[in-house]
Amino acid sequence: MEKIHYVKIYVASTDNAEAKRIIELKEYDLNGNLISLKSYDDDGNITYSQEFVFDDNGKILKELIYDFEQSYNETKEYKYDSVTGKLIEEKLDYGEAGFSVLKYERKDKTLYITQFDEDGEIEEKTEICFDTQGNILSKTVRDDMENITEKYVNKFDEDGKLIQKQEYDSNNKLEKCHYYFYTASGKISALKVTNAREQIIDWVKIEFDVNENPISQSMMSGEKILLEYPEQNVVIEKYINSAGIEISQKKIIRNEKGNTLEEHSLDEVKYFEYIFY
């Protein structure tokens, strides 16, 4: 099987396809890990880049982020237990802005993450509980004053599919509840969001054709995404606003392996070039 080494993405205006320019370059290793990503401006200058370093077992060791437009850089370094191979420490270096260190500790099916600043003071505490299948049952994040900044509780069906997510506010009171619905084959078909009084505040519904291809996504706002399949490996996405007016359309052409080759919108065309090992 061919393995992707590079993916080059070009863009050109619809009325001048020959004047295409590169906007993104991705590089993968032989294990399929993304090891480099670069974004380019109109003049071919790199505006953003990410680099990833993995060990022989595919565990990430380092991540470097450079945002040249915002004059920002960040480095993440990861350490693992020599016996279990599990992550035990993560260092986030923000350059002149200092750094943070995250310590990971596991007890039974609970993961505790403590974030320290460069002076060793606690910035944040996170507690994540898992079930026997490794699904996240709950996550609670507290700041340095022990105030809740994030909390949710998940429920799964007997097949391990997420069916409910409860979000809590800073006072540990239920704020929102997300309900997930699936087709008989296990594809997500709808999402319903309610407030603490069980009033519906948002919903999304997905419909499929006989081949189980998604053909529409309807939202409570009245907006829709319609998908058409005029021929094999071609998808047309139409975005409809709440007034029923089509505001954009995109044609996606893929190869037999499912890799995107072209994306056509009203004003521009994106071209994808694949280079293999």
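Hi everyone. Before we start, please keep in mind that this is a predicted model, where local features need pLDDT of at least 70, side-chain atom pairs count only at pLDDT 80 or more, and totals for chains, interfaces and linings use all residues. Residues are numbered from 1 along each chain as its sequence is written, and side-chain values use heavy atoms, with hydrogens and water left out.

Let's begin with the strands. Strands here are DSSP runs of E with at least two residues, numbered from the N terminus, and two of them pair if DSSP finds at least two bridges between them. Take β11, residues 136-143, and β12, residues 148-156: they run antiparallel and are joined by 5 bridges. If you want a spot to look at, find T140, which stands opposite K151 in β12. The two strands make a hairpin with 4 residues between them, and in that turn E146 has a positive phi of about 70 degrees.

Now follow β12 onward. Its pairing with β13, residues 162-168, is antiparallel too, with 5 bridges. Here F156 sits opposite L162 in β13. This hairpin has 5 residues between its strands, and G160 takes a positive phi near 85 degrees.

On to the charges. How many salt bridges does the structure hold? There are 14, counting a side-chain nitrogen of Lys or Arg within 4 Å of a carboxyl oxygen of Asp or Glu.

E146 forms a salt bridge with K125, with the closest N and O atoms 3.4 Å apart. Because E146 lies in the loop between β11 and β12 while K125 is in strand β10, residues 122-130, the pair ties together parts 21 residues apart in sequence. For accessibility, buried means under 20% relative accessible area, exposed over 50%, and partly exposed in between, using a 1.4 Å probe and protein chains only. E146 is partly exposed at 39%, and K125 is partly exposed at 33%.

My next pair is K238 and E228, whose side chains meet in a salt bridge at 3.1 Å, N to O. This pair links distant parts of the chain, with K238 in β19, residues 234-240, and E228 in β18, residues 224-228, 10 residues apart. Is K238 buried or exposed? K238 is buried, at 18% relative accessible area, whereas E228 is partly exposed at 35%.
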